[in-house]
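Subject: Structure handover and notes

Dear colleague,

Please find below the structure that I promised to pass on to you. My notes on what was found in it follow directly after.

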Amino acid sequence: MEGIVTKSTGSWYTVCTKVGERVECRLKGKFRIKGIKSTNPVTVGDKVSFEFEADKTTGVINKIFDRKNYIIRKSVNLSKQTHIIASNIDIAFLLVTIDSPPTFAGFIDRFLATAEAYNIPAVLLFNKLDSYDDDQLDKLATFDAIYTEIGYKCIAISATKKIGIEEVKELMIGKTTMFSGHSGVGKSTLINAIEPSLNLKTAEISKQHKQGQHTTTFAEMFELSFGGFIIDTPGIKGFGVVDFKPEEITDYFPEFFRLKSKCKFNNCLHINEPKCAIKDAVESGEIAYSRYNSYLQMVEGDEEHYRTDFYS
């Protein structure tokens with residue numbers, strides 16, 4: 001039997017077959033994918049084959065078919081382990097909020113660089129548009145200008161007021177899409193606005209810490225009535241990048257990649273080297289300093305800054 005993994009709880013996986021049957025499956029013994037060391041060898045979005053167990057109600061996964069792509073990050077508690085968030089994604093939507101909770105540039109840039117590295121088109125959704133004061137709207141406009149200039153699609157939305165929802169839906173038709181972001185940015189509220197019949201659980205923001213409560217504990221894929229699938233993911237506090245060599249990181253920043261051939265040295269890391277086109281572009285304002293700062297943190301392997309500084 002073959003199907004797609006629509007839910008993963010760590011030890012059991014819900015597999016949806018081509019005829020719509022949902023079968024709870026487990027892995028048999030040690031299961032590893034060549035070249036990937038992760039806490040979860042099977043993830044939502046994977047196409048798998050399985051065989052029924054003796055009871056004919058549960059199954060055992062025996063094969064994972066080649067993935068078109070996947071998105072991966074460092075595990076929060078196990079720094080040397082990685083966690084595959086989802087696979088076979090057509091578009092990764094990152095929900096960004098200016099406040100309650102704040103999303104910082106370092107987090108956005110790590111997510112976008114990872115999407116670039118694994119060939120996943122990414123779209124930024126600036127949520128809670130209806131709740132911002134003038135200063136917050138200015139910050140949103142700055143973010144929008146930076147990422148639009150690079151070439152990323154940016155949409156300002158309000159999940160609660162249903163602003164911008166139709167534009168998001170238009171991008172999702174017939175696609176497998178993923179929503180990601182911090183807890184509390186409104187992923188479940190947005191999915192409910194897009195597909196009300198799903199009626200996903202939502203929670204209030206903690207006013208004291210301006211953080212969300214975890215309402216989604218496991219990644220799960222849902223079929224959409226207008227065609228396509230949506231993968232809802234648990235809120236993530238930090239986004240640790242995986243296996244990025246310092247000399248490769250330039251390639252995952254599109255505006256850097258476009259200019260790197262103009263650097264004097266082919267192996268320029270854009271830090272201390274003379275006649276560096278990237279540094280010149282930062283100096284002139286052609287490249288945003290926030291992006292350059294994120295790049296430096298990634299080259300230097302600073303995996304703590306985005307975790308410890310998020311809500312301070």
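Two strands are said to pair here if DSSP finds at least two bridges between them, and the elements themselves are DSSP runs numbered from the N terminus, with helices being H or I over at least four residues and strands being E over at least two. This is a predicted model, in which local features need a pLDDT of at least 70 and side-chain atom pairs count only at pLDDT 80 or more, while totals for chains, interfaces and linings use all residues. Residues are numbered from 1 along each chain as its sequence is written, and side-chain values use heavy atoms, with hydrogens and water left out.

Confidence comes before the details. The pLDDT, which is the predictor's confidence in each residue on a scale from 0 to 100, has a mean of 86 over the protein chain, and 85% of the residues reach 70 or more. Over residues 204–216, however, the pLDDT is below 50, although this stretch has 35 contacts in the model beyond near neighbours in sequence, where contact means heavy atoms within 4.5 Å. Residues 306–312 also stay under 50 in pLDDT, and for them the model has 22 contacts beyond four places in sequence.

Turning to the strands, β1 (residues 2–8) and β4 (residues 47–52) pair in the antiparallel sense over three bridges, and within this pairing E2 has S49 of β4 as its bridge partner. Strand β4 is also joined to β5 by five bridges, again in the antiparallel sense, with S49 standing opposite K63 in β5. The hairpin of β4 and β5 has five residues between the strands, and K56 takes a positive phi near 65 degrees there. D66 is exposed, with a relative accessible area of 78%, on a scale where buried means under 20%, exposed over 50% and partly exposed in between (1.4 Å probe, protein chains only). The C-alpha atoms of D66 and N88 are separated by 9.4 Å, the two residues being 22 apart along the chain.

A parallel pairing is found between β9 (residues 122–126) and β10 (residues 153–156), which share four bridges, and in it L124 is partnered by C154 of β10. The chain crosses from β9 to β10 through helix α2 (residues 134–150), and this β-α-β crossover is right-handed, in the sense that, with the strands pointing away from the viewer, the path from the first strand over the helix to the second runs clockwise.

The charged pairs may interest you next. A search of the whole structure finds nine salt bridges, each defined as a side-chain nitrogen of Lys or Arg within 4 Å of a carboxyl oxygen of Asp or Glu. E53 counts as buried at 19% relative accessibility, whereas R26, at 30%, counts as partly exposed.

D109, E255 and R291 are linked in a network of salt bridges. D109 and R291 have their closest N and O atoms 2.9 Å apart; because D109 lies in helix α1 (residues 105–117) and R291 in helix α7 (residues 289–299), the pair ties together parts that are 182 residues apart in sequence. The side chains of R291 and E255 meet at 2.7 Å, N to O, and since E255 lies in helix α5 (residues 254–257), this pair ties together parts that are 36 residues apart. R291 is buried at 1% relative accessibility, and E255 is buried at 8%.

Finally, there is the nonpolar core, meaning a set of buried Ala, Val, Leu, Ile, Met, Phe, Trp, Tyr and Cys residues joined through side-chain atoms within 4.5 Å. The largest one has 39 residues, of which I71, I108, F111, L112, L124, Y147 and M178 touch the most other members. Its largest share, six residues, comes from α1. Leaving aside neighbours within four places in sequence, I71 is in contact with residues including I84, F111, M178 and F239.

With best regards
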